[in-house]
Amino acid sequence: MDARTVPALDGRPLAFNLSWLERWRGNFKTAGELADAAFQSMSKQSDPEGWAELLVVKAVCAYSLGDHKLADEFLKDGFETLGPHAESGAGIEVLTILATLRQYSENYDEALTHLRDALQIAEDAGLYFEPGRVLHNLCRVNCLAGNIDAALDAGRQSVEQNRSRRNAIMLPYAEEVYAGALVAGGDYEMAREEAEKGLTAAVFSDDPRVTCQLHFAIGSSYLKEKRPADALKVFEQGLTEATAFDYHLWIRNFHLHLSQTHEAMGTYQQALAHLKVYAEMQATQFKVEAHRQSYELRSQLEYQLARRSAEYERELRDQSVRLNTELVQANETLQMLNRRIEHNALHDALTGIGNRRMMTQYFGRAEQSDNSASEIAALLIDLDGFKSINDRFGHATGDEVIKVISERLRTLLLDQELLVRMGGDEFLVASTVRTDEGELTKLAQDILDRINQPIDLPGDQGAVGASIGISVTRIRPNLERSLLQAADEAMYAAKRSGRNQAFMEPLPAKTGS
């Protein structure tokens with residue numbers, strides 16, 4: 001099978017999604033090749049937005065590889081391809097990348113113009129999440145341009161929008177740029193408050209970059225406030241985080257700032273030690289880059305010589321064999337990645353149980369089951385006392401508690417029942433096999449008994465409780481919203497009644513058969 005024709009989850013070739021993935025990883029040459037492969041099995045006329053998104057990938061790759069002119073041509077072609085579709089999410093993506101490229105070249109006025117245009121599209125189109133993302137970029141560019149008041153305004157709006165719309169993915173990034181703007185504006189205490197909120201939001205993020213940037217914002221605020229001892233602790237914590245993820249860029253950055261902090265404290269031996277590590281890492285990075293450039297140049301020269309040699313045809317045959325072997329390996333890798341993408345799309349990264357997307361699929365299958373006489377039940381579980389564990393022992397311990405609770409809940413389920421993590425410390429059990437009041441009451445009590453069991457904590461034992469809201473409805477169209485709303489109301493009724501208990505919405509009257 002040709003890698004270009006392997007389907008992705010959205011119907012586009014898998015090479016489409018992989019090109020974005022390689023772009024974010026910084027593998028720009030590979031990303032460009034995958035984009036070219038995706039082009040060959042996509043239609044510019046039937047999927048102009050997808051075509052424009054691939055041109056965005058090509059533009060980023062061209063810019064990162066030093067061809068700025070070609071990058072601009074790709075983005076211009078992207079706008080022309082979109083045509084009337086430019087007033088959409090794809091148009092926002094093109095404008096955002098244009099702004100980023102202008103930002104890199106320090107052309108901040110053009111970058112801000114592109115971002116304002118993108119924000120206008122997002123607001124006019126009524127897009128739910130996009131304004132918060134564009135405002136995040138506006139905050140960053142305004143801060144770089146020295147427009148601190150405008151940066152603070154954009155950062156504040158980004159945080160408010162991402163928080164009110166529960167965009168858990170974007171929120172820590174919004175908090176990070178807002179905190180950076182506050183540091184630039186001299187409001188160091190508020191910068192730390194926002195950065196701490198960002199760290200809390202980043203608990204459920206798989207991206208170590210934002211955590212490192214938040215630690216940097218906190219440390220910088222202390223350093224500017226001439227509190228180097230406090231800055232030292234935060235920078236050391238950031239270095240630990242970066243080291244845990246082998247994130248070389250921020251390992252280098254934290255060593256540099258730790259050197260500066262020790263210098264401010266007068267501990268010159270420690271400052272020199274950190275500076276030496278920073279210098280060694282910089283030298284290593286320069287060597288790696290020089291080797292890469294040398295290797296590429298040597299490869300180009302060898303290719304040119306081979307074209308002029310009498311052995312050219314033989315080399316082509318050898319290369320064909322090698323490429324065929326690599327293609328087989330690539331197809332196997334693509335298939336494995338496809339399975340991984342499908343699994344990750346339906347499962348919570350921390351616990352391995354289902355996520356909201358799996359829940360939506362579950363309800364969708366129930367609605368299509370042609371069994372309108374059947375009922376479906378939902379038990380919405382919100383942990384009591386979980387915040388105190390996070391505050392006392394830290395988020396790493398909190399994560400372990402969430403995993404323990406998830407496993408305890410998993411053991412209580414029957415076949416065909418669903419367990420998902422809704423986010424944070426909230427879970428949902430859905431069932432079409434246990435819908436009677438007695439069965440659900442017993443299941444809720446079993447859940448409470450299991451959750452209330454002691455949990456090993458650092459140097460101690462503790463426990464959490466839970467408030468459970470139970471709702472039941474007949475299977476019908478659009479049942480997800482009504483069922484979850486009823487369960488949510490019941491759960492809050494349980495909390496108002498004293499917590500660590502279950503409350504059931506009144507069951508609908510049974511009709512005769």
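**Aromatic rings**

A search of the whole structure finds seven aromatic pairs. Rings of Phe, Tyr and Trp (its six-membered ring) count as a pair if their centres lie within 6.5 Å; planes under 30 degrees apart are stacked, over 60 edge-to-face and the rest tilted. The model is predicted, so local features need pLDDT of at least 70 and side-chain atom pairs count only at pLDDT 80 or more, while totals for chains, interfaces and linings use all residues. Residues are numbered from 1 along each chain as its sequence is written, and side-chain values use heavy atoms, with hydrogens and water left out.

Select phenylalanine 216 and phenylalanine 235. Their ring centres are 6.2 Å apart and their planes stand at 35 degrees, so the pair is tilted. Phenylalanine 216 belongs to helix α11 (residues 208–224) and phenylalanine 235 to helix α12 (residues 228–244), so the pair ties together parts that are 19 residues apart in sequence. Helices here are DSSP runs (H or I, at least four residues), numbered from the N terminus. Phenylalanine 216 is partly exposed, at 24% relative accessible area, whereas phenylalanine 235 is buried, at 0%. Buried means under 20%, exposed over 50% and partly exposed in between (1.4 Å probe, protein chains only).

Next, select tyrosine 362 and phenylalanine 363. The ring centres of tyrosine 362 and phenylalanine 363 are 6.0 Å apart with planes at 70 degrees, so this pair is edge-to-face. Tyrosine 362 is buried, with a relative accessible area of 11%, and phenylalanine 363 is buried at 0%.

Last, select arginine 165 and tyrosine 128. The charged end of arginine 165 sits over the ring of tyrosine 128, 5.2 Å from the ring centre (the cut-offs are NZ of Lys or CZ of Arg within 6 Å of the ring centre and within 35 degrees of the ring normal).

Terms used:
Helices (H or I, at least four residues) and strands (E, at least two) are DSSP runs, numbered from the N terminus.
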